[in-house]
Every structure is written in C-alpha cells, then in structure tokens.
Amino acid sequence: MRALVQTGFGGPEVVSLRRVADPVPGPRDVLVRVRACALNRLDVLQRRGPAVLPGFRLPHIAGMDVAGHVEAAGAEVRGHAPGDRVVIDPTLGCGSCGRCGAGDPGHCASVRVVGGNVAGGFAEYVAVPERLVHAVPGHVALDEAAALPSAWSTAWHATLTVGEVAAGETVLVQAAASGVSIAAVQLAKRAGARVVAVAGSDAKLALAADLGADLQLHNDADVVAEVRRFTGGEGADIALDHVGAATWQTSMDSLRAGGRLVTFGNTTGDEVTISLAGVYHRGLRLLGSGAYTEADFAAMLSAYYGGGLRAVRMAEYGLDELPAAFAAAESRTAIGKVLVRP
Ligand SMILES: [Zn+2]
C-alpha cells in the first residue's frame, strides 16, 4: 500500500510517500480502507520531535483520526463486515489492567495510540482491534466522521465528564476556534450553558458565534472585565483552557467564587504561577482533565449522530500533498480540521 512514512524528526521533509507492506489483520482485528484521516497536533509534535508517546519508534506512520470502510475482518470478529462504514477510536490499552477494566485505556501504563505509537491512518489501510471500531450511520459523511475522534472525545471529556457543565452556567472557552474548542463550544451549548468564546481573530470569533457562542471576545479585550459584565458581576462558572500559560491567569480571574477551571492542554507553555490564597479564599476548583474514556467516545459519537452538532473541516489533501497539509494545520489562521485522503 501507499503510506506516509516518517523517518526522522523535523519539518515535513522527514515524512515521505512510500510503498510498504499491507497491514495484516489478526483474528480479532479489522482492516480498514482509509477514506480520510484528520491531522492532529500530536502528529505535528511527534514529527518535530522528540516523541511524545512512550513506545514511539521510527519509521512511523502517523494519523490518529481515521474513518473508512471495512476491507476485511479477522476470523473472530463478529461486529463488523466488509463494506461497513466505520470510524476508529485511536486509544487502546493493554486490556487487562485495572484502568482498562474501568474503560479508561488512556491511563493504561502501556497505552497504544493508533497513529501515535503504532501505525496510523496516513496510509491506504490500517489494521486495528475490533474494540476500536465504531459504525458510522449513513447520514454522517466519512470525511465528517474523521474529524471527530480525538478532538470531540477530548472536548466531551473536559466539558461534560470532568467539567460537568450544566444548564444555566456560564462557560468561558479559550482558543474558541481550535479543533477541541469547536466541539466544546457546541457541547456546552447543547448542555444548556451560556458560552463566552475567546479567540485571536475576527474569523475565529465569527465561527464561534456561528456555533452558538453567546459572547465573543478578542484575546486583546479585557476578558475578565467583560466576563464580569456578562455575568452581572459574578464571573464565569467554569473556564475550559487548553492554551496553558498564556491564558491561565485570565481564566482564573474570570471565575466566580467557587468556579472551576478545567485544564487540558499547555500549547503556550507548561508552567504557571498560582496564588494559593486566590484559590482557597475564592474556593476555586482546579480540574485536570486527563484522557477520555471509552464511555466518553461512545457517548460523543451517539450525540453527534443524533444531529445538531457540526465538525468543522478546513481543507483536504491527498497523501502526496502532505507538506501542504502540515502547512495548513500549523498555520495560526487555521480553523477546523485538515484531512488527508489516500
Ligand atoms: Zn491496561
């Protein structure tokens, strides 16, 4: 098959289109013919190096978010047959530890991630255990399904499972036009919350408004003051922040007494300063989001399939256009998912 093979760390030139052996599915595996695979930040980080996930080895085929058709199924596979339309949950645990038993493979000590530390979807075919394969109904396009796995599961987990966003609450969403936040804005609205979206350009704020955000604020605005005004002086009930150092203080200061901050990323830096008095006097709750669970993934898909939610896609590229795909995904003006299609 044709596949994008990463042989070093650096720019897009470390990845090249090559012919490699077709993956051979084991008895409990499903061989999926890839229709589309979304580019993720992890794909970019691990291309630049160093590797993020333990067990990563070169040469590597990246691509975590895969949708396509079942090409073949192992002898013991019961739930999927050739021709089925499917999307893949990229997170696979060992299957035997306590975390895996709890449906939480993302915290398994020997977690494997399709496209992360095992071969992924920037190829014509990928073979994965049956347990990771989920059906895609006819009314959802496979290109759309490929935009869901990582970003929407992460958003579901942070917003609903950890953040417990509830009807009537006010939710501050930082970097509101990022892949994860596009989902988080919609999931918070779906839960009945009011959403304050913060982003760095008019185009991004326009998208946030289109997705249902009730108030749009530019990065340069006095976000804390605007949130207070919007909430009658109280502050937000919850802040969803995967930006990290650059937005941390604004997120903290925007919260009401007893408010909660869900942190699930550190794009702009990993270290912040916290006033302990600011936390304990105001009764703030700091919540690290952690990995999404199998239940999150299933619930997210079910909600999405139910309608009313929108995966935003920016552009599509062929396997032979990877440099352009990376350039699009790494641009600061990127909005929505970049898809790679074999
Ligand atoms: Zn495990």
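Predicted model: local features only at pLDDT ≥ 70, side-chain atom pairs only at ≥ 80, totals over all residues.
Residues are numbered from 1 along each chain as its sequence is written.

Start with the whole chain. Its secondary structure comes to 11 helices and 17 strands (DSSP runs numbered from the N terminus, with helices being H or I of at least four residues and strands E of at least two). The radius of gyration is 20 Å, close to the 20 Å that the globule rule gives for 342 residues, so the chain is as compact as a globular protein of that length; the radius is taken over C-alpha atoms, and the rule is 2.2 Å times the number of residues to the power 0.38. The C-alpha trace spans about 60 × 40 × 35 Å along its principal axes. Of the 342 residues, 49% count as buried (20 or more other C-beta atoms within 10 Å of the residue's own; 12 or fewer is exposed, in between is partly exposed, and C-beta atoms are placed from the backbone). Among contacts between residues at least 6 apart in sequence, 68% join residues at least 24 apart, a contact being two C-beta atoms, placed from the backbone, within 7 Å.

The chain is divided into domain 1 (2-148 + 311-341) and domain 2 (152-288), with bounds from an automatic or database domain assignment. Their C-alpha centres lie 29 Å apart, and six residues of domain 1 are in contact with eight residues of domain 2.

Next comes helix H11 (residues 322-330), whose buried residues are Leu-322, Ala-325, Phe-326 and Ala-329. They cover an arc of only 95° around the axis, which puts them on the same side of H11; the arc is that of the directions from the helix axis to the C-beta atoms. These buried residues pack against strands E1 (2-6), E2 (15-19), E16 (313-318) and E17 (337-341), plus helix H1 (41-48).

Six strands form an open, parallel sheet in the order E12-E11-E10-E13-E14-E15, where pairing takes at least two DSSP bridges between two strands. E12 (215-218) and E15 (285-288) stand at the edges with a single partner strand each, so one side of each is left without a neighbour in the sheet. Five bridges join E13 (residues 236-241) to E14 (residues 255-263), and Ala-239 stands opposite Leu-261 in E14.

Ser-181 is found in helix H5 (residues 179-190) and is buried, with 32 other C-beta atoms within 10 Å. Leaving out residues up to four places away in sequence, Ser-181 touches Val-173, Ala-175 and Ala-176. Ala-175 itself lies in the loop between E10 and H5 and counts as buried, with 26 C-beta neighbours inside 10 Å.

Most residues other than glycine have a negative phi, and most peptide bonds are trans. Ala-175 has a positive phi of about 50°, and Glu-164 also has a positive phi of about 50°. Glu-164 lies in the loop between helix H4 (149-162) and strand E10 (170-173), and counts as partly exposed with 13 C-beta neighbours inside 10 Å. The peptide bond from Gly-49 to Pro-50 is cis, with omega near -5°, and a cis bond with omega about -5° joins Leu-58 and Pro-59. Pro-50 lies in the loop between H1 and strand E4 (65-73), and Pro-59 lies in the loop between H1 and E4.
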